[in-house]
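Subject: The model, plus my notes

Hi,

Here is the structure I promised to pass on. Have a look at it first, and then read on for what I found.

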Amino acid sequence: MDRVNRYYNDYINYLNRRRRATAIFGLILIEELRKRYPERSVWIHHYIARRDRLGCHNTLFLELSTENPEKYRKCLRMSPEMFQWLADKIRPLVEKQDTHLRRSISVEQRLSITLRHLATGETQESLHFQFRVGQSTISGIIKEVCEALYTVLKGTYLRFPESHEEWQNIAFECGSRWNFYNCIGAMDGKHILIEPPIKSGSTYYNYKCQFSIVLLAIVDAGLRFIYVDVGTNGRIGDKGVWNKCSMKTYLEENSGNIPPPCPLPGSEKNFPFVIVGDEGFALSSRVMIPFSKEHLRGERTKARRIFNYRLSRVRRCSENAFGLIVNRFQILRSAMRYDPDAARSVTLAILCLHNLLRTDALGRKLYSPPEMLDREDELTGIIHRGGWREEMGNGLQNLGHQGGNRHAAEPLQLREDWADYFNGPGAVPWQDRMIAIPI
């Protein structure tokens, strides 16, 4: 019996010691947490509590929407009517519920914060003081609204063509505007600079010694993006991105509804529908690139230079499109302070907004006036540089060209056939003047 009592007392003492150790550990932990996360002196700062009365959205933007719509468009890149339409579209995805303690931030305020950030590239700290919204709250709002914008707009404004009729409409527009028939878009790629991602090593480290993700895009004759591939790590060049993207497989396997080859105006020879790009891409039966400098010698110099000129007219679409998004959405002028996934969401939202503004008739005129774009005067032969070139920044940079491409014989002959067509039945009256070669 004495042995049982002794064991029992030892067990009770063990439990007491354990409780005391746990209590001491808990007190130490609480003290450390208090040091690391001090209690708030106030639940919400008084100047933030006056957001609905004095915040930028409910004061300046409200005044501009009624008194000066043009200035409003400069602030948010769209008209008040389009802004409200867009707010209603994303409302089911971003609206929060009011509580008995406080009112939630309205959808309109969330959208104006995001558009102002994209349009100006202002820091979240600056937006915090303008809109009287907490900086950490702004960070979450921007990411959430960008994802919502992409979700609601991609089906209409960033939709990949899926029928013969859609591809033919794109090709017809390209032919009627730029005299390059059977062309279904201009392709280009850019590095989007980002801050160095945490624990990413050299994965996003590009050849220019900066961190980036890659945007590969195809642009139609109306400067709208019809295909985008965003998010590939910056170590890959034009050729590497093209080899891994779904568009290459789509073209090679002919798994889509791209129309079959057909004759060009004034010709009986069938030509395939093609995409145009720069020398960074490999020449193929679906991708046309210009003749390199070493091929612009000899008896076919004139024909090949005219081909390069005619191709450059279409490639101007992609150059203008990329220039516009940098000029109008100035967050792209410098490295984004986002991780790669968030930078991808921001980029996709910008592309959707760009296509929306280029599709709307009034929005297109205000978003991209003629003086903002590169354009040529066929009568005088003068190339007018677009206004976007004056404020490019360094947030978007060209991909590295992959030299030493060995092209197959069939696409080489196809390119020569295009050159012959542009110097024969497909010639335009001003092309000889534009390459400075007498007729």
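Below are my notes on strands, helices, salt bridges and surface.

Before the details: this is a predicted model, where local features need pLDDT of at least 70 and side-chain atom pairs count only at pLDDT 80 or more, while totals for chains, interfaces and linings use all residues. Residues are numbered from 1 along each chain as its sequence is written, and side-chain values use heavy atoms, with hydrogens and water left out.

Let's start with the strands. Helices (H or I, at least four residues) and strands (E, at least two) are DSSP runs, numbered from the N terminus. Strand S2 covers residues 212-219, and eight of its eight residues are buried, so the rest of the structure largely encloses it. Buried here means under 20% relative accessible area, exposed means over 50%, and partly exposed is in between (1.4 Å probe, protein chains only). In a regular strand, side chains alternate between the two faces of the sheet. In S2 both faces are covered: Ser212, Val214, Leu216 and Ile218 are buried on one side, and Ile213, Leu215, Ala217 and Val219 on the other.

With S1 (residues 183-193) the pairing is antiparallel over eight bridges, and Ile192 stands opposite Ile213. With S3 (residues 225-233) the pairing is also antiparallel, this time over seven bridges, and Val219 has Phe225 as its bridge partner. The hairpin of S2 and S3 has five residues between the strands, and Leu223 takes a positive phi near 65° there.

Next, helix H14 (residues 340-359). Its 20 residues should span 28 Å at 1.5 Å a residue, and the end C-alpha atoms are 29 Å apart, which agrees. (The expected span is 1.5 Å times one less than the number of residues.) H14 is mostly covered, with 17 of its 20 residues buried. Asp339 caps the N-terminal end of H14, with a side-chain oxygen 3.0 Å from the backbone nitrogen of Asp341.

Now the charges. The structure holds 21 salt bridges, each being a side-chain nitrogen of Lys or Arg within 4 Å of a carboxyl oxygen of Asp or Glu. Among them:

- Arg304 and Glu416 have their closest N and O atoms 2.6 Å apart. Arg304 lies in helix H13 (residues 301-328) and Glu416 in helix H16 (residues 409-422), so the pair ties together parts that are 112 residues apart in sequence. Both Arg304 and Glu416 are buried.
- Arg116 and Glu122 meet at 3.3 Å, N to O, and both are buried.
- Arg159 and Glu166 meet at 2.0 Å, N to O. Arg159 is partly exposed at 37% relative accessible area, and Glu166 is partly exposed at 22%.

There is also a network of salt bridges that links Asp278, Arg315, Glu319, Asp374 and Arg389.

Finally, the surface. Which residues form a nonpolar patch there? They are Phe25, Leu29 and Leu33, with about 300 Å² of accessible area together. Patches are made of residues with over 30% relative accessible area and no salt bridge, like charges being joined within 9 Å and nonpolar side chains (Val, Leu, Ile, Met, Phe, Trp, Tyr) within 5 Å. The areas come from the Shrake-Rupley method with a 1.4 Å probe, and for residues only the protein chains shown count as cover. Leu33 sits in helix H1 (residues 2-36) and is partly exposed, at 41% relative accessible area.

Cheers

Key
Polar contact = N/O pair within 3.5 Å; in protein donor to acceptor, adjacent residues only side chain to side chain. Pairing = 2+ DSSP bridges.
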